[in-house]
Amino acid sequence: MWTRRELKEKAKQRFKVNYWKCVLVALLMALLGGGASVGSGSGGTYTGVRNTVNKVFDDDYHDYDHDVYDTLDEFDDDVDLYLDNWGDRSPAETAITMTAVFVIVLLIMVIVMVIVMVIVIPLQVFIVNPLEVGINRFFVQNLRENANIKEICYAFEHNYMNCVKTLFFRDLFVFLWSLLFIIPGIIKAYEYRMVPYILGDTPDISREEAFAISSHMMQGNKWNAFVLDLSFLGWYILNGVTLGILGIFYVNPYVNQTNAALYQKLKELYMIAQQPVNMGLPQ
């Protein structure tokens, strides 16, 4: 068995030894997941609002101030006039207006879907997922020795298409299960949690084997893994208070190294359970 304290102590020891490399790799992981942009975006928004408010209410800009209010008043009057005349419209005019609104909304949805299909999904499948394999491998390697940053490119150099295919099906299955009221998708996400780590160890492994080994590793460990994730909640709150700075320099590498320690522990337990049968993982 394993305990959270055991994993976290090992993680803190190892990422501090190879600190700056862990910080850089964890930052890349956060950027890929969108987690690092929240703090910086909040700070930029606050500064922009503050400057705008100062500009509007500064005595040197009183003319500009009146122009803004006049424009807003005119807009408000136009809206009121439009609403007052709405009831005077004929059914045909109302139908045409509603149809135009529907077409505009539909067009926006189609544009968003096209962007997702053409840019976001291929980027996720062919770039982000292979980098996930390499980043996870980096932190696993860092448990034994000071890992090199070049490990993040591991999947691009070792059976790239197998990594792409396997993680594509992982994401697809989790998405499909998530359509059943979210909870089944969360369970599947934990079941397949070790797949990128397994690919980092054995990139030639088949999709079926990778899923089967991950499922076996997580059997009886899903809830404990969920509680492990939940135990970082206080750190995430502090990260938000510091606008993401604490996440960059401590929380992100700490969490990633702890997850790698979890994989290493589950792998050891799996190897013991499978002896003398070995389903493909290296010692």
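**Reading helix packing and burial in a predicted model**

Q: Why are α8 and α11 described as roughly perpendicular to each other?
A: In this predicted model, the two helices pack at an angle of about 95°, with their axes 10 Å apart. Angles of 65 to 115 degrees count as roughly perpendicular, and the value for α8 and α11 lies in that range, so the two are called roughly perpendicular to each other. Their contact is made by I187, Y190 and E191 on the α8 side, and by K222, A225, F226 and D229 on the α11 side.

Q: What makes α7 roughly antiparallel to α8?
A: The axes of α7 and helix α8, which covers residues 183-191, come within 6 Å and cross at roughly 155°. Because angles over 145 degrees count as roughly antiparallel, that crossing angle makes α7 roughly antiparallel to α8. Residues that meet here are V174, W177 and S178 from α7, and P184, G185, K188 and A189 from α8.

Q: How do you know whether C163 counts as buried or exposed?
A: C163 has a relative accessibility of 1%, and the cut-off for a buried residue is under 20%, so C163 counts as buried. This cysteine is found in helix α7, and, leaving aside neighbours within four places in sequence, C163 is in contact with A155, H158, L199 and P203. C163 and N129, although 34 residues apart in sequence, lie 7.9 Å apart in space from C-alpha to C-alpha.

Q: Why is V195 called buried?
A: The relative accessible area of V195 is 0%, and with the limit set at under 20%, V195 is therefore classed as buried. V195 is found in helix α9, and, not counting residues up to four places away in sequence, V195 touches T166, L167, A210, F211 and S214.

Q: Which residues have the most contacts inside the largest nonpolar core?
A: The largest nonpolar core has 46 residues, and F139, M194 and L262 are those with the most contacts inside it. Among the helices that each supply at least two residues of this core are α1 (4-17), α5 (91-141), α7 (160-178) and α13 (245-274), and α13 gives the most, with eleven residues. Beyond its neighbours within four places in sequence, L262 is in contact with W2, L7, R193, M194, A225 and L228. In soluble globular proteins, nonpolar side chains tend to be buried together.

Q: How do you know where in the chain the confidence is lowest and where it is highest?
A: The mean confidence is lowest in helix α3 (residues 37-57), at 38, and highest in α9, at 97. Over residues 34-62 the pLDDT is below 50, although this stretch has 13 contacts in the model beyond near neighbours in sequence. Where pLDDT is low, the predicted coordinates should not be read in detail. The chain averages a pLDDT of 82, and 76% of the residues score at least 70.

Definitions and conventions
Residues numbered from 1 in each chain as written. Predicted model: local features only at pLDDT ≥ 70, side-chain atom pairs only at ≥ 80, totals over all residues. Heavy atoms only, no water. Core = buried A, V, L, I, M, F, W, Y, C linked by side-chain atoms within 4.5 Å. Buried < 20%, exposed > 50% of the residue type's maximum accessible area, 1.4 Å probe, protein only. Helix = DSSP H or I, 4+ residues; strand = E, 2+ residues; numbered from the N terminus. Contact = heavy atoms within 4.5 Å. pLDDT = per-residue confidence, 0-100. Axes fitted to C-alpha atoms, helices over the stretch in contact; angles between N-to-C directions. Parallel < 35°, antiparallel > 145°, perpendicular 65-115°, else oblique.
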